[in-house]
Amino acid sequence: MYAPRKLAFSVLGRCPWRHCHRRRSAAAHKFSVREALVANVEEGAKNIKIQGWVRSVRSQKEVLFMHVNDGSSLESLQIVAEPSLKSSAIGFGSSVEVCGVLVKSLSKKQNVELKATEIRVIGECDSKDFPFKIKEHHPPEYVRQFPHLRCRTNIFGSLLRVRSEATSAIHQFFKSNGYVHIHTPIITSNDCEGAGELFQVETSKRVGTQEEEDDDGFFGVPAFLTVSGQLHLEIMSGGFQKAFTFGPTFRAENSQGRRHLAEFYMVEAEVSFTESLEDIMQVMENLFKETATALLSKCPEDLNLFFKYVSPGQQGRLERIIKNPFIVISYTEALEILKKSATSFQYKTEWGCDLQTEHEKYLVRHCGDVPVFVINYPYDLKPFYARDNEDGPPQHTVAAVDLLVPGIGELFGGSLREERLHVLRSRLDMLGLADTYQWYLDLRRFGTVPHGGFGMGFERYLQCILGVDNIKDVIPFPRFPYSCLL
Ligand code: 4AD
Ligand code: MG
């Protein structure tokens with residue numbers, strides 16, 4: 001436990017341990033910047049040590065001001081020191097360790113400040129070559145070029161903290177609602193979505209050799225990076241009523257667009273003993289609203305930075321999304337809306353066509369800029385697992401749903417799963433996949449239950465919360481065609 005220590009010497013005066021580094025280190029409690037900023041100094045000054053990176057230095061005749069940030073909060077800690085403690089090695093970006101006394105600040109700008117008794121430069125930073133300049137606004141396209149350094153910028157620091165909190169909030173949501181967390185595999189032998197957007201996995205030694213051509217590879221079967229954990233989660237929903245997974249997914253989509261990545265994180269849930277798509281939609285809506293609400297209360301400073309500098313008006317938009325019920329329309333209604341629209345779309349709006357981003361965005365605007373569930377898609381548009389509504393012809397649909405959100409378009413995709421053995425078998429037969437998916441058919445032979453689930457793109461979720469235009473700015477290391485930096 002930290003015991004508050006009253007120190008007799010003046011904060012800018014001499015430290016009694018000035019020449020005794022070991023003794024001083026032992027006495028100084030290490031604080032993170034966040035801990036220091038909220039420390040209660042009313043009960044007496046605290047002798048502490050902080051470590052971090054210099055965000056600003058200002059040297060005056062009598063005093064040296066410095067701000068140090070260690071990633072624990074958006075706000076940096078103000079350091080005040082005698083000019084004698086200044087060294088030419090202290091500059092924007094350098095890493096430092098500062099010992100001193102945490103006291104109440106006389107300025108209104110901050111609650112506390114650290115009166116330094118020792119400043120130790122751990123690593124110098126050549127500010128001429130450092131790509132980020134003090135107090136300069138760097139556009140996201142510029143910052144993106146430095147994936148190895150961008151966590152030092154305010155915006156990216158905030159993004160990473162929000163991302164981390166959002167991960168916890170999502171886990172918390174599922175935990176408190178009775179879901180079991182399943183680690184679904186990253187390497188898999190199936191193509192869940194059947195869209196062929198797969199990355200194949202092979203050892204680097206075999207690639208391009210005769211050996212690769214002659215046999216079935218390292219695993220003895222073609223193996224891929226997963227496009228979705230759904231099928232493995234469905235296995236678990238044969239033994240658990242509620243299961244979820246949250247991990248990396250991979251799609252070889254040839255898109256450099258603002259909402260596509262080759263590697264992204266997906267949150268997926270599967271619920272057993274449900275015959276209603278509405279039940280699944282309710283989980284989606286609750287997941288979004290509850291986690292967004294948790295973020296607003298857990299990281300207000302970080303979110304405000306985005307609301308102020310990245311996407312003005314976003315806070316109001318987000319609060320409206322949280323407050324209002326999500327709207328539900330059928331695919332058929334969606335097409336009627338699009339057809340009646342005066343907008344001339346680039347892509348076709350015939351029944352049976354896939355909804356494109358331009359259509360999705362139009363539908364969201366048309367419905368008042370709140371999230372819209374589009375349900376009951378054409379049978380031929382959705383993968384083999386979607387439950388047949390047996391309503392055609394001519395309009396044959398499946399119990400599938402996409403959630404479209406303002407500014408992004410599709411955020412969630414989900415469906416009821418075809419749990420009827422004969423229906424599933426005939427669909428797989430038609431697709432020539434019955435052998436490949438024998439195990440999936442088995443799930444329907446051995447105690448099948450009506451079930452359904454969904455997947456939510458985690459980066460698109462962050463874009464929607466923060467109002468970030470480009471998906472590459474919400475993931476630490478974006479992967480997309482012709483780019484795999486670091
Ligand atoms: O709609 P999708 O393809 O659905 C599935 O994969 C289902 N198997 C999920 C399930 O039911 N368990 O993908 C789900 C979501 C999309 O709505 C989108 O938000 C995101 O994943 N997504 C991408 N995000 C970034 N980059 C990409 N290339 C993405 N592709 C899909
Ligand atoms: Mg989809």
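Which residues make a nonpolar surface patch of about 450 Å²? Ile 186, Ile 187, Phe 218, Phe 219 and Val 221 do. This is a predicted model, in which local features need pLDDT of at least 70, side-chain atom pairs count only at pLDDT 80 or more, and totals for chains, interfaces and linings use all residues. Residues are numbered from 1 along each chain as its sequence is written, chains are lettered from A and ligands numbered from 1 in the order in which they are written, and side-chain values use heavy atoms, with hydrogens and water left out.

**The surface patch**

- A patch is built from residues with over 30% relative accessible area and no salt bridge, where like charges are joined within 9 Å and nonpolar side chains (Val, Leu, Ile, Met, Phe, Trp, Tyr) within 5 Å.
- Ile 187, one of the patch residues, belongs to strand β8 (residues 187–188); helices (H or I, at least four residues) and strands (E, at least two) are DSSP runs, numbered from the N terminus.
- The relative accessible area of Ile 187 is 38%, so this residue is partly exposed; buried means under 20%, exposed over 50%, and partly exposed in between (1.4 Å probe, protein chains only).

**Around ligand 1**

- Ligand 1 is surrounded by 24 residues, and the closest are Glu 193, Gln 230, Glu 253, Glu 268 and Glu 410; a residue counts here if one of its heavy atoms lies within 4 Å.
- Glu 410 has a polar side-chain atom 2.6 Å from an oxygen atom of ligand 1, and an N or O atom in the side chain of Arg 251 is 2.8 Å from an oxygen atom of the ligand.
- Tyr 385 has a polar side-chain atom 3.4 Å from a nitrogen atom of ligand 1.
- On its own, ligand 1 exposes 630 Å², and the protein buries 94% of that; accessible areas come from the Shrake-Rupley method with a 1.4 Å probe, and for residues only the protein chains shown count as cover.

**The sheet**

- Eight strands form an open sheet with mixed pairing, in the order β7-β10-β11-β16-β15-β14-β13-β12; two strands pair if DSSP finds at least two bridges between them.
- At the edges stand β7 (180–181) and β12 (327–330), each with a single partner strand, so one side of each has no neighbour in the sheet.
- Strands β14 (residues 397–405) and β15 (residues 409–416) pair in the antiparallel sense over six bridges, and Leu 403 stands opposite Phe 412 in β15.

**Salt bridges**

- The whole structure holds 19 salt bridges, each a side-chain nitrogen of Lys or Arg within 4 Å of a carboxyl oxygen of Asp or Glu.
- Asp 473 and Arg 144 meet in one of them, at 2.7 Å from N to O.
- Asp 473 lies in the segment after α14 (458–466) and Arg 144 in the loop between α3 (140–143) and α4 (154–176), so this pair ties together parts that are 329 residues apart in sequence.
- Both Asp 473 and Arg 144 are buried, and a network of salt bridges links Arg 144, Arg 150 and Asp 473.
- Arg 161 and Asp 302 form another salt bridge, with their closest N and O atoms 3.0 Å apart.
- This pair links distant parts of the chain, 141 residues apart: Arg 161 is in helix α4 and Asp 302 in helix α8 (residues 300–310).

**Helix α14**

- Helix α14 is mostly covered, with nine of its nine residues buried, including Phe 458, Tyr 461 and Leu 466.
- Gly 467 follows α14 and has a positive phi, near 75°.

Notes: A polar contact is a pair of N or O atoms within 3.5 Å; within protein, one must be able to donate a hydrogen and the other to accept it, and residues adjacent in sequence count only if both atoms are side-chain atoms.
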